[in-house]
Amino acid sequence: MKMIIHRGSHEIGGSCVELKGSSTRIFVDIGQPLDNRKVNLPDDIENCDGILISHPHADHYGLIGMIPDEVLLYCSSLTEKLIQASGIFSNKPALTNKFIHFTKWEKFQIGEFTITPYLMDHSSADSFAFLIQDNESALFYSGDLRATGRKSVLFKNILKTSFPEIDVLILEGSTMGFEPKEFPDEASVEMKMIEIMKNESGPCFLLCSSQNLDRLVSAFKAAIQSDRIFVVDIYTAWILQIFSSISENIPIIQWEKVKVLSKGFTAGNHYEVIKKHPEYFTSFSREIYKAENMITMNEIENNPNRYLIKTNYTEKLIKKLNINHSSLIYSMWSGYLTKEHNPKGYLQYEALKNEPSINFVYAHTSGHAYVKDLKKLAKALNPKMLVPIHTEHSEEYPKHFDNVHFLLDGQELNF
Ligand SMILES: [Zn+2]
Ligand SMILES: [Zn+2]
């Protein structure tokens, strides 16, 4: 087998790896770089035998809009649904690519490659690692993973799995070079949320990604334990609806303790999207207006300490609501709070932090594995070569792993 990392050998995001056998050529991930710089597709990608998408984060799938329709895209069914939903709510044209769905842990074939998708614990739902084999060699692509989320059992199971001899492990290292922060795992984030909500006499607001399934579930559980109702915007309500296709334990607006802000300005852009795509949303466009599923600003003002509110319009909502005090739980990467990483958006957070009537609290844990867990994974897979990807600090790898082999973007490796 031959491999080329087209992007990702020395950066987090934009991952794209090409694999060539004697008669088959595939790509693994086709991500948009996190800095959103313009990049070209790898040469001759239009004639490949397929592209695997590890999970529905744009730094792994973001360039699929540029891929010709005849190229087959392999991902899980949930991944396709989340990618389509992101596109629709961003007012992008619907994707016309051909998706082929694989099932977790079930082997499938692309030409001479046999591929086994392993479901991993990550901040996105349905994040997969891939074991890719041909007649001669075996490669393991870690995708994005962690060991400390709500699905940490998946990580433990991987450590117990018996694998064939692995020639190459392509291992993500997002946390390489960073010290673990205040919150070691998802459970500690949930505990912090409960503490904040119990001590707040006004409403609590949550800033997090609507596609971070673990975080939404943590927030819902924390709300219940604090005797609050979980209030979401239309977009988040729809994403929860999609998530509910994989588990009946996902909080959706039909649940008594979940409500949607579907009227007034907080419905704004989202409702325009729903009106534009009736065939896509079907009965959901009626569900969000059923009295038992929705909530109004008045109801929040009347009982402010009964709600945890997750909306894309938090800043505006805080200003419009007639309330004296609130807590704002910031539950995303701390980099977005800095000028260095978020030159356009950080001032909006500064304003919220400096507002005396808002108790601004950080409660977040990484979606990526710490070095100690990556070491466990490397030990379990015992590869002949370990190639860094999805990292800003590949130079750290030899301190922690044996057989590290560095590649530059575009450099070919034969094994
Ligand atoms: Zn990533
Ligand atoms: Zn990811």
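How are the donor residues of the zinc ion (ligand 2) spaced in sequence? The pattern is H-x1-H-x64-H-x21-D. This is a predicted model, so all details below are computed from it.

**The zinc site**

Four residues coordinate the zinc ion (ligand 2), at 2.2 to 2.4 Å.

| Donor residue | Donor atom | Ion |
|---|---|---|
| H55 | NE2 | zinc ion (ligand 2) |
| H57 | ND1 | zinc ion (ligand 2) |
| H122 | NE2 | zinc ion (ligand 2) |
| D144 | OD | zinc ion (ligand 2) |

The four donor atoms subtend angles of 90 to 161° around the zinc ion (ligand 2), so the arrangement is irregular. A tetrahedral site would need all angles between 85 and 135 degrees. H55 and H122 link distant parts of the chain, 67 residues apart. H55 lies in the loop between β4 (51-52) and α1 (58-61). H122 lies in the loop between β8 (113-120) and β9 (127-133). Both H55 and H122 are buried.

The zinc ion (ligand 1) is 3.5 Å from the zinc ion (ligand 2). D144 coordinates both ions.

**Serine 327**

Now to another residue. S327 is part of strand β16, which covers residues 326-330. Is S327 buried or exposed? S327 counts as buried, because its relative accessibility is 1%. The cut-off for buried is under 20%.

Leaving out residues up to four places away in sequence, S327 touches I196, E200, P203, C204, F205 and N359. With N359 there is also a polar contact: the two side chains meet at 3.1 Å.

Terms used:
Residues are numbered from 1 along each chain as its sequence is written. Chains are lettered from A and ligands numbered from 1 in the order in which they are written. This is a predicted model: local features need pLDDT of at least 70, side-chain atom pairs count only at pLDDT 80 or more; totals for chains, interfaces and linings use all residues. Side-chain values use heavy atoms; hydrogens and water are left out. Helices (H or I, at least four residues) and strands (E, at least two) are DSSP runs, numbered from the N terminus. Buried means under 20% relative accessible area, exposed over 50%, partly exposed in between (1.4 Å probe, protein chains only). A polar contact is a pair of N or O atoms within 3.5 Å; within protein, one must be able to donate a hydrogen and the other to accept it, and residues adjacent in sequence count only if both atoms are side-chain atoms. Contact means heavy atoms within 4.5 Å. Donors are N, O and S atoms within 2.8 Å of the metal (3.2 Å for Na, K and Ca); water is not among the atoms, so sites may look incomplete. Four donors count as tetrahedral if all angles lie between 85 and 135 degrees; four count as square planar and six as octahedral if opposite donors are over 155 degrees apart and all others between 65 and 115; anything else is irregular.
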